Amino acid sequence: MEAKNMDEKHLQTIAQELNIQLKQVAAVALLLDDNATVPFIARYRKEATGSLDEVAITAIRDRLEQLAELDKRRQAILESLEKQEKLTPELKAKVMAAETMTVLEDIYLPYRPKRRTRATMAKEKGLEPLAKLLFEQGDFDPAEKAASFIDKEKEVETADDALAGARDIIAEWVSEDQETRERIRSLYQNTGIYQCRVIPGKEEEAAKYKDYFDWSEPVAKAPSHRVLAMRRGAKEKLLILRVVVDEERAIDILESLFVKANNAAAGQVAMAIADSFKRLLSISIETETRLDSKKKADEEAIKVFAENLRQLLLSSPLGEKAILAIDPGFRTGCKVVCLDRQGGLLYNDTIYLLSADAAQREGIKILAWCQKYNIEAIAIGNGTASRETEAFIRGIGLPKEIHVVVVNESGASVYSASEVAREEFPDKDITVRGAVSIGRRLMDPLAELVKIDPKSIGVGQYQHDVDQAQLKRSLDDTVTSCVNAVGVEVNTASKQLLTYVSGVGPKLAESIVSYRADKGAFASRQKIKEVPGLGDKTFEQAAGFLRIRNADNPLDGSAVHPESYAVVHQMAKDLNCSVKDLMQNAELREKIDYQKYVTDTIGMPTLMDIKSELSKPGRDPREQFEAFSFADGINEMTDLEVGMELPGIVTNITAFGAFVDLGVHQDGLVHISELADR
């Protein structure tokens, strides 16, 4: 089978770039071409890929797509050149050899259809032969030669007019020359300086950008957050942002390429070169440099955002506990909800803590609800009045076994106003829905946060300034990776959570939930095949990530893929025991000689995964939950003193440091220079 991704040259390029074997890249390309997902390939096709991880597989996927785009553009350029009857064998060879989009566009630039320029107008006036004559830099009087090109009908009134037109043509030749562009591009990339200034008269309006009112730094060293901040200020028309290089050095480079003599004609070429740099090249290459710098800044910011999101999604879950959740508030009161162990809403109410008498009455209510609904933990949103609410709750005499936990509520308001929340709680207002989200986040952050657009979760940096398509893809990849790393209980998972399971997607997720509602819980993984529209290919992709707790076959609750069940049953048979015995008895597992079960399709990597699963079936990769509480008596900024050591929760990691919530209504910044490496 020939895969559409299987361009041998592309595979070799990627293998070299990522420093991996060609056969590994080819295996991934073939699997991707067969619609396999990144988590599936990483987890269940280790033998084929040589145990490549998700990062490497994603890099291969993205690079294959970039190279396919390059080929698409190459083809379009070849067709255009053929149409113009400009495609020579030499030019075709250059186009075919181009390895980057930049080189490809540089080759095509002289032939690209363009608007009328000063050079095209000069050509229309018949001045190209004069330009060629000057460019050859022979020993003659340019003014004398130019006199023969005077044509009043074409508005070439004087010899100087003719020379000016010829220089315009030469300037365009210089600016469109491939080597010229490469050399000037390199100058900008290596020595370019960002210069940022405030627009005069906008100082007050631009106060938040005061660091950049008179700022300069090398393009090559500018960190992503500064690049994005300066660009945002320029976009808001508050700052002027330029990339500059040493003009004399640039013109020296161009003269070394094009000035071949020491005579009057060469002097005309030198004038054309200076004009070419100032009027054409500097603008074009500065724009390119800024876009290239923005692209790198985007990649860095998106990487930071994705890593933050991963840490948040993989936060420790409290697990299935009955929760009382509070969305704090002063004037409008605190919204309280009681949730069962599956996150179902049992009761909701509002309490007011505006006076000591009121607080005493509300405390009695809270204790009664804790008893009535067998509450095991209390979740308090970390917004306005959070510390006051926490102090109130800790002071009402709760049983010691009930944990009180402050929960990051970023994005809860977005969820509460969303279609998902309206669908879940059509008859409840947004404040109740927000409180439910806070409670569920404590139980299982991943299951709740997948319902919210990642951009609204409150982590990351300049998310509205970066390439939105690239950001969405990266965040979707991160959510998918996290969901599949943890695994999903198919009988309780929401439609949103199921959407991110390998191979499933929104439409099938809805079908699974509908089928579950109509027919009841799935008794086995095989039963999932009965869902309309879920074929063998999708089952192969999804099955290993879908769990069925307490199924007849204990492997259905593990990450062992159904395609490997036979080998586990064989292991049990060889030891004269059941699969359940293998999972429960470490001594039995120690007797397994895994080498004995290696076949053409199952190698040691898969067998080692099976070994690990048998000892901890369906294990959750997230860390064990630990209750956290802020320091007593530290509630406001005024309570802080220099030298204090306080516990805090990291709420956001950026390229320049980490923001930490100390419980004083304002996150503090720990600068990167003060962070530990652990």
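**Sheets, a pocket and a cavity in a predicted model**

Thr-606 has a relative accessibility of 13% and therefore counts as buried (under 20% relative accessible area, with exposed meaning over 50% and partly exposed in between, for a 1.4 Å probe and protein chains only). The structure is a predicted model, in which local features need pLDDT of at least 70 and side-chain atom pairs count only at pLDDT 80 or more, while totals for chains, interfaces and linings use all residues. Residues are numbered from 1 along each chain as its sequence is written, and side-chain values use heavy atoms, with hydrogens and water left out.

Thr-606 belongs to helix α29 (residues 604–615); helices (H or I, at least four residues) and strands (E, at least two) are DSSP runs numbered from the N terminus. When neighbours within four places in sequence are set aside, Thr-606 is in contact with Glu-47 and Ser-564, contact being heavy atoms within 4.5 Å.

Strands of a sheet pair through backbone hydrogen bonds, either parallel or antiparallel. Strand β1 (residues 193–198) is joined to β2 by 5 bridges, the two running antiparallel, and Ile-193 has Pro-218 in β2 as its bridge partner.

Another open sheet is formed by 3 strands in the order β11-β12-β13, with antiparallel pairing. Here β11 (649–654) and β13 (668–671) stand at the edges with a single partner strand each, so one side of each has no neighbour in the sheet. Neighbouring strands of this sheet are turned against each other by 30° on average, direction ignored. Strand β12 (residues 657–661) runs antiparallel to β13 and is joined to β13 by 4 bridges; the partner of Ala-658 in β13 is Val-670.

Pockets and cavities were defined on a 1 Å grid over the protein atoms alone: a cavity is a set of points where a 1.4 Å probe fits but cannot get out, a pocket is an open set with protein on both sides within 12 Å along at least five of seven lines, and lining residues have an atom within 4 Å of a point. Grid points are joined across faces, edges and corners, and a volume is the space filled by probe spheres set on the points.

The second largest pocket has a volume of about 1400 Å³. Its lining consists of 45 residues, of which Glu-320, Glu-489, Thr-492, Ala-493 and Arg-549 lie nearest the centre. The largest share of this lining, 4 residues, comes from α24. The lining divides into 16 nonpolar, 11 polar and 18 charged residues, where Ala, Val, Leu, Ile, Met, Phe, Trp, Tyr, Cys and Pro count as nonpolar, Asp, Glu, Lys and Arg as charged, and the others, Gly among them, as polar.

The structure holds 1 cavity of 30 Å³ or more. The largest cavity has a volume of about 40 Å³, and its lining has 9 nonpolar, no polar and no charged residues. Among the lining residues are Leu-309, Leu-313 and Tyr-500.

Notes. Two strands pair if DSSP finds at least two bridges between them. Axes are lines fitted to C-alpha atoms, for helices over the stretch in contact, and angles run from 0 to 180 degrees between N-to-C directions.
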